[in-house]
Amino acid sequence: MLLSLLQLAAFLILPPLLLGIVNRVKSVAGGRTGPPLLQPYLDLRRLLAKGAVYSRTTTWVFRAGPVIGLAAVATAGLLMAFGGAPSLLSFTGDFVLFAYLLGLARFFTALAALDTGSSFEGMGAAREVTFASLAEPALFLCLVVLARATGALSLSQMLGEGLAGAWRSDGPALLLAALALFVVALAENSRIPVDDPNTHLELTMIHEVMVLDHSGPDFAFILYGASLKLFLFGALVVRLALGFRFPGPWTAFAAFLAGMAGFAVLVGLVESAMARLRLSRVPQMLVGASVLSVFALVLLLR
Amino acid sequence: MARWTDMVFVLVVVLDFFVLASSRLQAAIRAVAAQGALLALLPLILATGESDVTHVALLAVGALLVKGVAIPWMMAWATREAAIRREVEPIVGFVPSLVLGAAGVALAFAFASELPLPTGGKHMLLVPTSLSTVWTGLLLVVSRRKAVAQVLGFLILENGVFVFGVLLGDFMPVMVEAGVLLDLFAAVFVMGIVMFHINREFSSLDTGKLSALKD
């Protein structure tokens, strides 16, 4: 129980640091010193101290968007097992709730973007939803592969003890699933091959467009929610990749944290090495991820 | 050990997907080369105690040299010499061809165990991998517009046939296999010359222009 609470605390506190590591790796790979590791926390504090500006065309939907988005992602974190101890909330089939809590967050972000009445934000919302609809099958197929390989239907069991045995019997399938999940993580968190989190150019933006009209605390909620989401997807990938047995729950948790740092470095390296894909090529990449996970499922079902 | 053998088969199929999805000619050529090199491992991995050592070694080295080195090098040379544009230009788009490929692979893996083959006891993934690679090659040959991409499809198809040949490896004399490899080499050679001529005649490798010929 203590470890479970500690994990929840880590989930709530560490995500901005993850972003800090990604940014630092990108700077170092680009030959710059880069912002301090804790810069995302300072950004959040600065934004929280500011006041918010609301346009007269917006309604309550616009104000509810960031709050519901953050709440949904944080609730999804309750279902996730971060290594060592089971999750705080777990029941049969909770991975469906996990996926759709993330879907709910996206739905309200898109709705809030449409509520501003700006055609530009509507375009961003359309792009985000299009790509999400292609990423979702891949995510579900990966989760089904996990469920099939471990024979469990709740996230903390799917990513728990059964995984070590599953790696031994169905290693190739799980490796493919981990690869597909990494692609989905990059797409869902609008990282580089799909979207560039740094640009504010009209034609390249997907996620950043939708939040242009938010300011102050609302924007802080959105940034924090986005980092929580990155942490969640990273946790999925890392738990799947570190699927061997650890001597104790505390070592498992320490290995998980080290794995998350590794995940951040990997994301940073991918962002430094790759260019953004053309918008028309993004669906191709996501369908490719789905095809990989279908293949993993076929290997398991054979 | 069994897991690593599985991994080779899985990688062969993943490379099939990669070639179906890649729009860059150079990347596709490299993927086909990697697939050829992986296939050279198969006779070594699947060799049992009773198989002939020189036979197996000859097969592996021959496959590596022809499929992994010589043919990809020739393809790269041909694309460079003919100054071919880098894009593949499919008739069927990348996403539909990926989905078709995935469907074929799923069917191959679902029904391969139903086939009444006289040689049991070999690796379980051998037949489905072979069938899905042949299917991918076929798909590439019919759905790409550029002659180079079609030749790549033919190479992948032949890779599938090679995987199937490993199944029969114990019965096949060395000379037959050498003949197959030589045939392939000659075929690619001829295709290279044909490609060169198409390019010189039309200053493009678009095979669509060939069907527009009138006397």
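This is a predicted model: local features need pLDDT of at least 70, side-chain atom pairs count only at pLDDT 80 or more; totals for chains, interfaces and linings use all residues.
A polar contact, as I use the term today, is a pair of N or O atoms within 3.5 Å, where within protein one atom must be able to donate a hydrogen and the other to accept it, and where residues adjacent in sequence count only if both atoms are side-chain atoms. In chain A, such a contact of 2.6 Å joins the side chains of A:Arg191 and A:Glu271.

Residues are numbered from 1 along each chain as its sequence is written, chains are lettered from A and ligands numbered from 1 in the order in which they are written, and side-chain values use heavy atoms, with hydrogens and water left out.

Let me stay with A:Arg191, which sits in the loop between H8 and helix H9 (207-210) of chain A; helices here are DSSP runs of H or I with at least four residues, numbered from the N terminus. With a relative accessible area of 6%, A:Arg191 is buried, where buried means under 20% relative accessible area, exposed over 50% and partly exposed in between, using a 1.4 Å probe and protein chains only. Leaving aside neighbours within four places in sequence, A:Arg191 is in contact (heavy atoms within 4.5 Å) with residues including A:Leu19, A:Val22 and A:Val267.

What else does A:Glu271 pair with in a salt bridge? The partner is A:Lys26, with the closest N and O atoms 2.7 Å apart, a salt bridge being a side-chain nitrogen of Lys or Arg within 4 Å of a carboxyl oxygen of Asp or Glu. Because A:Glu271 lies in helix H11 and A:Lys26 in helix H2 (residues 15-29) of chain A, this pair ties together parts that are 245 residues apart in sequence. A:Glu271 is buried at 4%, and A:Lys26 is buried at 13%. Together, A:Lys26, A:Arg191 and A:Glu271 are linked in a network of salt bridges.

Chain B has a salt bridge too, between the side chains of B:Lys67 and B:Glu158, at 2.4 Å from N to O. B:Lys67 lies in helix H3 (residues 53-81) and B:Glu158 in helix H6 (residues 147-167) of chain B, so parts 91 residues apart in sequence are tied together, and both residues are buried.

Turning to the aromatic rings, the search finds 12 aromatic pairs over all chains, counting rings of Phe, Tyr and Trp (its six-membered ring) with centres within 6.5 Å, and calling planes under 30 degrees apart stacked, over 60 edge-to-face and the rest tilted. One of them, A:Phe11 with A:Phe231, is tilted, at 6.0 Å centre to centre and 45° between the planes. Both of these residues are buried. By contrast, A:Phe182 and A:Phe263 have ring centres 5.9 Å apart and planes at 90°, so that pair is edge-to-face.

Finally, the interface: about 1,600 Å² is buried between chain A and chain B, with carbon and sulfur atoms giving 81%, where buried area is the accessible area (1.4 Å probe) that two parts lose on being put together, summed over both. Of the area that chain A buries, A:Gln284, A:Phe295 and A:Arg302 supply 36%, more than any other three residues. Across this interface the rule finds 0 salt bridges, although there are 2 residue pairs in polar contact, both at pLDDT 80 or more.

Definitions and conventions: Helices (H or I, at least four residues) and strands (E, at least two) are DSSP runs, numbered from the N terminus.
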